[in-house]
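Visitor: I'm new to this one. Can you put it up and take me through it?
Guide: Here it is.

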Amino acid sequence: MRPLGVLTPLVLAASLLTSSAVASDGSPPARPVAGTGCQAFPDDNYWHADIRDLPVHPRSRQWLSHMSTDRDLHPDFGPSYGAGPDYGIPVTVVGHGHKRVRVRFDYAAESDRVRYPLGRDSRIEGGRNSPGDKHAVVVDRGACRLYETWNTRVHDGHWRAGSGAVWSLTSDALRPDGWTSADAAGLPILPGLLRWNEVKARDVDHAIRFTTDVTSRHHLWPARHDAGSRDSLAYPPMGARFRLKAGFPTRGFSAGAKAVIRAMKTYGLVLADNGSPWFFQGEQNPHWPDRLIADLKRIPASAFVAVDTSGLKVSDDSARVR
C-alpha cells in the first residue's frame, strides 16, 4: 500500500510539551476522546490550529486540478445496514494495566517496536477478516498514550501488522522524518477522526483526515512520509491542508452537519493517505444518524481551497503551532 521512505535509527519520539487547561489564545481546551479523559494532542497542536486566516497555497489550483473536484465529499463512516460492521475506524480504549503483546511488522524499520496493548478486545477496522486497511487505534487512558497499527491481523495468537506507531497524547513531538505510521503521511489517525461525542455536542475542534487517489512523492510539515505515484509538485502532497470556503451556505443542513461544516471552515481537511477521492474519516460508532451522513454527502469538493500552513510551524520536529 505504501512504499517505505528514508530509514532512520529506531527511536520513540520524546514528549516535548504537555497540554494545559487553557490554550494560549484563551480558548477552552480540546474535547477529550470519549471514555479516556485524554485530549487528542495539546491545544497548541497542528490538528487544532485555526486556519481561517491562512493564505491560499500557491499550488492550490494545481493540486485541486488533479483531485476530482467534480464530485461531492464522502463520509467514510456510518451505518452498514447489515452488510457487516458499521463503517468507520474503531477506537479501542484500554486501562494502563492491559496486557501488552509483541507485534511483528512488515515495515519494521519505520515502526515503533514496543509491546502494544492488543488482545481479544481490540477492534479492527472492517473486522479481522477485512480485505481493507485493518487499522487498529488503541488509547491507553491511564497514560494518555496512543497506539496505532495498519494491516493488523492475528494468527494462532501471534500479532502482525504492516506498520505501527506510538504517540504521547500530551506531546507535540513528531515521528522521525521519513517514517511512516499507520497512515501514509506518518501522522496519527485518531486526531483526524470525526467522533460522535463531539458532533453530538456541536463542538468539533480539529482538522479531519481525508484521502485522494493520486498524490506526489512529497510531504509537507507536519507529515513525515509520502507514498505517492507522481514526482511532479503539481500533485497534492501528504500533509496538504484544505479549507472549506467561508461563504459555503449551510441552510438546509442538519445541526450536526453544520457543526462539521464549521470545522471544515475553521480547521479544514488534512490529506493523510491514498484512497478514494474526498473520502473523509470518522470513528466506527452505531449512533451516527442517517440524516447526518446524507447531509455530509452534499458538500462539494469544488468548495475547498488548499492553504499554506508554513507560517504555523515552530519547529521541523514538532506539531506545535504559533
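Visitor: What does the accessible surface of the protein come to, and how much of it belongs to carbon and sulfur atoms?
Guide: The accessible surface is about 13600 Å², and 50% of that belongs to carbon and sulfur atoms. Areas come from the Shrake-Rupley method with a 1.4 Å probe; for residues, only the protein chains shown count as cover. This is a predicted model: local features need pLDDT of at least 70, side-chain atom pairs count only at pLDDT 80 or more, and totals for chains, interfaces and linings use all residues. Residues are numbered from 1 along each chain as its sequence is written, and side-chain values use heavy atoms, without hydrogens and water.

Visitor: How many helices and strands are there?
Guide: The protein has four helices and 13 strands. These are DSSP runs numbered from the N terminus: helices are H or I with at least four residues, strands E with at least two.

Visitor: And how much of the protein is buried?
Guide: Of the 322 residues, 56% count as buried, meaning under 20% relative accessible area; over 50% is exposed, and in between is partly exposed (1.4 Å probe, protein chains only).

Visitor: Which elements give two or more residues to the lining of the second largest pocket?
Guide: First, that pocket holds about 440 Å³ of space. Of its 25 lining residues, Asp76, Gly88, Glu125, Gly132 and Asp133 are closest to the centre. The elements you ask about are β9 (208-212) and β11 (269-274). On a 1 Å grid over the protein atoms alone, a pocket is an open set of points with protein on both sides within 12 Å along at least five of seven lines, a cavity is a set where a 1.4 Å probe fits but cannot get out, and lining residues have an atom within 4 Å of a point. Points are joined across faces, edges and corners, and a volume is the space filled by probe spheres set on them.

Visitor: How many cavities, then?
Guide: A search of the whole structure finds two of 30 Å³ or more.

Visitor: New topic. Where is the cis peptide bond?
Guide: It joins Trp221 and Pro222, with omega about 5 degrees. Pro222 is in the loop between β9 and β10 (241-244).

Visitor: What about Trp278: buried or exposed?
Guide: Trp278 counts as buried, at 0% relative accessibility. Its phi is near 65 degrees, a positive value in a residue other than glycine.

Visitor: And Asp156?
Guide: Asp156 is exposed, with a relative accessible area of 66%. Phi of Asp156 is also positive, near 55 degrees.
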